[in-house]
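This briefing is intended for a reader who has the sequence and the coordinates to hand. It covers helix packing, the sheet, a pocket and some backbone details.

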Amino acid sequence: MSQHLSHGGLVPSIALRRLAVASSLIALLAAPSAAAAKAGPVIKSFPVALAWSLAQQGLDPAGSNDFNCKPTAKHPRPVVLLHGTYANKYNSFAALGPAIKRQGYCVFAVDYGKGMIKGVNGATAIRKSSREIAPFIEKVLVNTGASQVDIVGYSQGGLVARSYMLYDGGSNPQHPELNKVHSLVGLAVPNHGTDLNGATKEIKRYNFTPLYRIIAGDAAADLFDFSGFMKELNVDPGSETVPGVSYTMIASRADEISQPYTRAFLTAGPGATVKNITLSEGCYQDGSDHFNIGYSPRATAHVLKALDPAFGGRIPCTWQAPFL
């Protein structure tokens with residue numbers, strides 16, 4: 001504890017931040033539910049954004065889904081945000097979406113894979129979800145006049161983007177210049193599946209996958225490291241990418257869902273580029289976990305740098321606790 005106190009008084013900061021988050025949650029959940037506004041507020045804490053998204057359905061991240069937006073010469077490609085499993089466009093991007101918008105991008109976000117509970121999406125089979133997002137991306141391209149988009153995918157969102165490029169018209173391997181996706185930036189994406197801290201070995205051993213699909217949904221089972229979807233997506237290292245696309249994968253050592261965290265990393269195949277980033281490298285204070293990596297200022301800066309290599313902002317190193 002003395003070590004933590006010697007680094008900027010982190011223990012008092014943790015207590016104050018937790019108190020602030022708890023107060024916000026109590027105030028929001030105690031308030032009467034109102035009709036959903038089109039855009040939610042900018043929120044820099046995952047638990048608070050989660051509460052907002054469940055209390056007010058269908059919120060867009062602030063600044064997103066303006067279909068009158070026209071890309072600029074500096075940022076010629078619109079950015080499409082794809083949320084994670086059991087999540088939605090707002091609670092995955094309540095902070096990151098507005099941060100991208102402030103840099104002058106046209107930003108779009110979509111809910112996909114709707115589950116049985118309102119506001120809980122990313123529940124259906126990933127191949128089905130990638131087919132679902134295809135017309136949304138086409139609408140973005142038509143309305144903005146752009147020829148390509150950049151995608152920022154959180155968790156399952158990165159896999160949906162990869163599936164879209166491979167199977168649903170997002171890329172053209174023979175003519176990469178005709179790709180509909182220029183770059184994919186991933187946050188905590190289980191690109192090679194998760195072992196759920198060793199649990200998938202037992203699930204496979206006792207053939208619990210069908211029961212798991214019934215209980216948890218198809219998307220969750222697709223994330224297993226031994227799933228048919230994962231085997232098809234990663235036949236060999238050369239198949240992990242498509243020609244002409246730039247990939248940046250950002251992972252955290254504290255990720256408790258995408259395990260082990262290094263499975264987020266990709267190997268570049270012919271004609272593609274890959275940059276793999278460990279968030280805490282050079283910044284031990286950033287302990288972002290799977291849920292709040294999109295709320296890390298450090299991760300946000302890495303995303304902006306991936307979208308625009310000329311981004312002039314520094315990559316900050318700030319304290320970030322798991323889940324908050």
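Angles of 65 to 115 degrees between axes count as roughly perpendicular. The model discussed here is predicted, and that range is applied below to a pair of packed helices, H6 and H7.

- Helix H6 spans residues 126-144, and helix H7 spans residues 156-167.
- The two helices, H6 and H7, pack with their axes 8 Å apart and at an angle of about 75°.
- H6 and H7 are therefore roughly perpendicular to each other.
- On the H6 side, the contact is formed by Ile126, Arg127, Ser129, Ser130, Ile133, Ala134 and Ile137.
- H7 contributes Gln156, Leu159, Val160, Ser163, Tyr164 and Tyr167 to this contact.
- By class, the residues of the contact of H6 with H7 comprise 8 nonpolar, 4 polar and 1 charged.

**Sheet**

- Six strands make up an open sheet with parallel pairing, in the order S2-S1-S3-S4-S5-S6.
- Its edge strands are S2 (107-110) and S6 (273-278), each of which pairs on one side only.
- From one strand to the next, the twist averages 15°.
- H6 packs on this sheet and touches S1 (79-82), S2 and S3 (149-154); the direction of H6 makes about 160° with that of S2.
- Strand S4 (residues 181-187) runs parallel to strand S5 (residues 246-251), and 5 bridges join them.
- Within the pairing of these strands, Leu184 has Tyr247 in S5 as its bridge partner.

**Largest pocket**

- The largest pocket holds about 360 Å³ of space.
- Its lining consists of 19 residues; those nearest the centre of the pocket are Thr85, Tyr86, Ile257, His290 and Phe291.
- Helix H3 (46-55) and helix H4 (89-93) each provide at least two residues of this lining.
- The lining of the largest pocket divides into 12 nonpolar and 7 polar residues, with no charged residues.

**Backbone details**

- A cis peptide bond leads from Gln259 to Pro260, with omega near -15°.
- Ser155 is not a glycine, yet has a positive phi of about 55°.
- The position of Ser155 is in the loop between S3 and H7.

Definitions and conventions. Residues numbered from 1 in each chain as written. Predicted model: local features only at pLDDT ≥ 70, side-chain atom pairs only at ≥ 80, totals over all residues. Heavy atoms only, no water. 1 Å grid on protein atoms, 1.4 Å probe; cavity = no way out; pocket = protein on both sides within 12 Å on 5 of 7 lines; lining within 4 Å. Points joined across faces, edges and corners; volume = space filled by probe spheres on them. Helix = DSSP H or I, 4+ residues; strand = E, 2+ residues; numbered from the N terminus. Nonpolar A, V, L, I, M, F, W, Y, C, P; charged D, E, K, R; others polar. Pairing = 2+ DSSP bridges. Axes fitted to C-alpha atoms, helices over the stretch in contact; angles between N-to-C directions. Contact = heavy atoms within 4.5 Å. Parallel < 35°, antiparallel > 145°, perpendicular 65-115°, else oblique.
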